[in-house]
Structure formats: structure tokens, C-alpha cells
Amino acid sequence: QVQLAESGGGLVQAGGSLRLSCAASGRTFSNYNMGWFRQAPGKEREFVVAIMWNAISTYYADSVKGRFTISRDNAKNTVYLQMNSLKPEDTAVYYCAAGTTWPFRPAMWGLGTQVTVSS
């Protein structure tokens, strides 16, 4: 298994930007496809974006296309989520996930990082 630790969350005004990081430890990071999910208060956890192990393919939820960008650095065992043009509806706990299938299915989760966007 791989252990995941998110960081980079915080409070930002609408229109602002944040970059989340997810550091992995344990098994070989480059073996895993990676994804980001989010869960807002009172709502179910939802898919945000995923990236294949070799970064050849990515897949975005419609709600974040054109605003969020996923990337990974296999040498640093880290996946990133650059979030621009943030909206209040992006407020949620953001979770990093790892899996071995594509289309992406999460098999392991981090503990999450809170992102709050004020209007």
C-alpha cells in the first residue's frame, strides 16, 4: 500500500488560487494512478480529477475543467492540484487517492485538507 498526505489547503477569496500537494510514501509511487476528490458539508464525496501513472492521460470533472490542473512528479512521489479561479462552491475537504485502474478507481485515501473559498 501507499500512504498519502495532503497539504496546501486554506482560506482564499473567490477568484483566488491554491495549490494542493499530496505526498506519497510506501510502495512505488509511479505504479499508481492518482486522483483528487472532494466532499462539501452535507454532500457526498465527488470526483475532481485523475492522472495516469505516467501522466499521459488526465480526466477532469466538468465543474473544474479549465480552472484546475493536476500534475505529478514521480521523482518526488508527489501529485499536485493547482486550483485557479476558485469559487465558493469549491469549498470542501479535498482528498488525494491512489489506485491501479484506469478509468480511475480509488483504492487508498489520504486524510484530506480543507479548502474554504469566501465570497
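Beyond its neighbours within four places in sequence, Val79 is in contact (heavy atoms within 4.5 Å) with Leu20, Ser21, Cys22, Phe29, Met34, Trp36, Ile51, Ile70, Ser71, Arg72 and Cys96. The model is a predicted one, in which local features need pLDDT of at least 70 and side-chain atom pairs count only at pLDDT 80 or more, while totals for chains, interfaces and linings use all residues. Residues are numbered from 1 along each chain as its sequence is written, and side-chain values use heavy atoms, with hydrogens and water left out.

Val79 also belongs to the largest nonpolar core, where Val79, Met34, Trp36, Met83 and Tyr94 touch the most other members among 30 residues. Such a core is a set of buried Ala, Val, Leu, Ile, Met, Phe, Trp, Tyr and Cys residues joined through side-chain atoms within 4.5 Å, buried meaning under 20% relative accessible area with a 1.4 Å probe, protein chains only. At least two core residues come from each of β1 (2-7), β3 (18-26), β4 (33-39), β5 (46-51), β7 (68-73), β8 (78-83), β9 (92-99) and β11 (113-118).

Turning to the whole chain, the secondary structure consists of eleven strands and zero helices, taken as DSSP runs (strands E, at least two residues; helices H or I, at least four) and numbered from the N terminus. The radius of gyration over C-alpha atoms is 13 Å, close to the 14 Å from the globule rule (2.2 Å times the number of residues to the power 0.38) for 119 residues, so the chain is as compact as a globular protein of that length. Of these 119 residues, 44% count as buried.

Definitions and conventions: Buried < 20%, exposed > 50% of the residue type's maximum accessible area, 1.4 Å probe, protein only.
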